[in-house]
Amino acid sequence: MGIVAGTMAVGVQDFCKIMEEHCFYADKTGFIKEWWENKDDVTLITRPRRFGKTLAMSMLEYFFSIRNAGKGVLFENLDIWKEEAYRKLQGTCPVIFLSFAGVKAGTYEEAYGDIRRLISREYRRHAFLLDSGQFLESDRKQFERILNEDGSAGEFCFAISQLSEYLYHYYGQKAIILLDEYDTPMQEAYINGYWEEMAGLIRKFMNFTFKTNPYLKRGLMTGITRISKESVFSDLNNLEVITASSRKYASAFGFTEQEVMQALCAYGMQHEMQGMKQWYDGFRFGDCGHMYNPWSVIKFLGEREFAPYWANTGSNSLAGRLIQKSDADTKLIVEDLLQGGSFLAQIDEEIVFSSLDYKKSAVWSLLLAAGYFKIQQITRNRKGKTEYRLSLTNKEIFYIFDEMVTGWFSNSRLSYSDFSDALLAGDKERMNDYLNQIAMETFSFFDTGAKSSRYKQPENFYHGFVLGLIADLRELYRVSSNRESGNGRDDVLLEPYHPQTDDAMILEFKVIDPETEKSLEDTVRAALSQIVRKNYAAVLGKKCSREKIRVYGFAFRGKEVLIDGGYLGEKERELSEGKKRIKK
């Protein structure tokens with residue numbers, strides 16, 4: 001059917017409320033038929049946050065649940081009601097519905113308490129079973145312990161399986177079990193340092209609920225990530241996993257381009273389609289390209305203004321943490337992405353959280369699953385391994401990453417723009433004061449390579465750090481890193497968009513080598529000499545005169561920093577005169 005035009009209600013995830021209050025709705029009821037006819041025992045569907053997962057689960061509950069028998073009117077004008085067989089199926093199955101979306105706790109004890117309360121609440125919804133006359137005294141006591149949150153951890157892990165047995169005896173039918181946002185507790189556990197405890201609890205819960213449960217008719221889980229089988233699904237060999245690359249249910253979550261165009265036309269905004277593509281397009285599921293973020297589309301239809309709505313919902317804490325903790329090479333990739341670039345990466349759709357701290361492919365895989373990246377191209381490298389060319393998904397995601405870069409320095413008492421202002425003004429004294437002060441506040445012993453006898457990794461750290469400091473210059477400069485120029489690769493090149501008025505700048509970073517350099521002054525001279533000798537300014541060609549090119553050497557020793565430099569012509573003359581003195 002496509003689009004049901006109505007009131008633009010944002011954040012409503014209850015299917016009944018949307019239908020009864022005549023709110024805007026993109027008809028996704030075809031998912032009911034597709035899921036039912038696939039006949040998979042247990043299905044896990046992963047999609048980015050705010051892509052309609054919870055609404056889809058609510059839709060399934062209202063369609064199948066015996067407790068919602070007689071509510072077929074909710075579906076009367078939708079695609080599923082065109083199917084005579086499905087009209088008869090509405091309201092005929094016992095359904096258990098849990099959502100872990102709100103389990104966001106700082107400790108294991110708090111998270112476990114949240115899960116206990118959710119299970120207890122589901123028991124409360126089925127408290128009518130206590131009056132059914134079917135319970136033995138032991139069953140009644142078991143039910144009441146869960147109802148009152150008095151049971152042990154083992155009892156709560158078994159509780160949903162037990163509830164499905166109670167429902168079977170009451171209705172004579174096996175239950176459909178829906179679990180929304182199954183991975184939220186796992187992500188929070190990783191962020192807050194109680195992963196192992198939570199993984200053990202969820203693994204046991206999954207086993208009882210979806211594997212060894214003889215009273216399960218169908219199971220459906222949703223989440224953002226496909227957590228590794230070894231972590232929580234080790235015993236589930238009956239699990240059908242649907243990720244972004246799967247063809248099943250490809251258009252069931254998110255808006256297709258056709259749905260977006262229909263929505264714009266319904267509200268008289270068809271002229272905004274190009275802007276919609278730039279801001280909210282870029283997602284791909286299976287064979288369905290050009291999938292749109294539904295939350296942001298609905299917000300735009302209501303506000304009639306393009307903005308990063310998705311960036312302001314939920315939490316980007318995991319993505320931000322991964323970027324903040326990453327090495328300099330990763331930060332350089334992020335900076336290049338913010339310049340419109342892309343990069344090659346290996347991807348594994350099965351996320352191993354224990355690998356996130358050291359394995360880049362795990363980080364890129366999680367960020368891809370969460371919707372921050374889109375796949376531009378799939379190739380094979382020389383070893384035959386599949387590689388993916390990734391870029392930021394759309395303009396909205398650009399804003400998220402831009403905020404992350406800004407956030408790298410949010411803990412400092414210094415203004416984020418102080419360094420870039422000093423750099424623009426060519427004020428070396430302010431540049432030195434700022435960087436030395438922020439280095440003392442934020443550089444860790446490990447980050448600066450003080451424990452390492454190798455120099456490349458510390459240089460990469462400083463490189464990435466300074467890139468973050470000058471991130472707000474992107475409106476004035478094209479900022480590039482490690483680009484071939486002259487006879488080598490410059491560290492950072494700032495190419496002005498208006499060379500008539502703004503100077504170009506070349507930055508070179510060096511960590512002091514105590515074997516060859518006695519002071520930071522020696523290291524700065526070596527950095528400036530490298531810029532001149534390797535002709536890093538060659539890439540600027542005739543776009544910038546040599547009198548409008550500034551060069552800076554950054555010398556580091558632990559938390560000590562020295563910056564010096566000037567105009568390229570001046571430094572070339574100094575180097576030439578130095579060579580003459582040596583010859584004499």
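**Aromatic rings and their neighbours**

Hi everyone, let's begin with a charge: the charged end of Arg50 sits over the ring of Trp295, 4.0 Å from its centre. By "over a ring" I mean that NZ of Lys or CZ of Arg is within 6 Å of the ring centre and within 35 degrees of the ring normal. Arg47 does this too, with its charged end 4.2 Å from the centre of the Phe285 ring.

A quick word on the background. This is a predicted model, where local features need pLDDT of at least 70, side-chain atom pairs count only at pLDDT 80 or more, and totals for chains, interfaces and linings use all residues. Residues are numbered from 1 along each chain as its sequence is written, and side-chain values use heavy atoms, leaving out hydrogens and water.

Now, how many aromatic pairs does the structure hold? There are 44, counting rings of Phe, Tyr and Trp (its six-membered ring) with centres within 6.5 Å; planes under 30 degrees apart are stacked, over 60 edge-to-face, and the rest tilted. Take Phe283 and Trp310: their planes stand at 80° with the centres 6.4 Å apart, so this pair is edge-to-face. Both Phe283 and Trp310 are buried, meaning under 20% relative accessible area, while exposed is over 50% and partly exposed is in between (1.4 Å probe, protein chains only).

Next, Phe419 and Phe554 make a tilted pair, with 55° between the planes and 6.4 Å centre to centre. Phe419 is buried, as is Phe554.

Finally, ring pairs join a cluster whose members include Phe51, Phe283, Trp310 and Tyr372. Is Tyr372 buried or exposed? Tyr372 is buried, at a relative accessible area of 4%.
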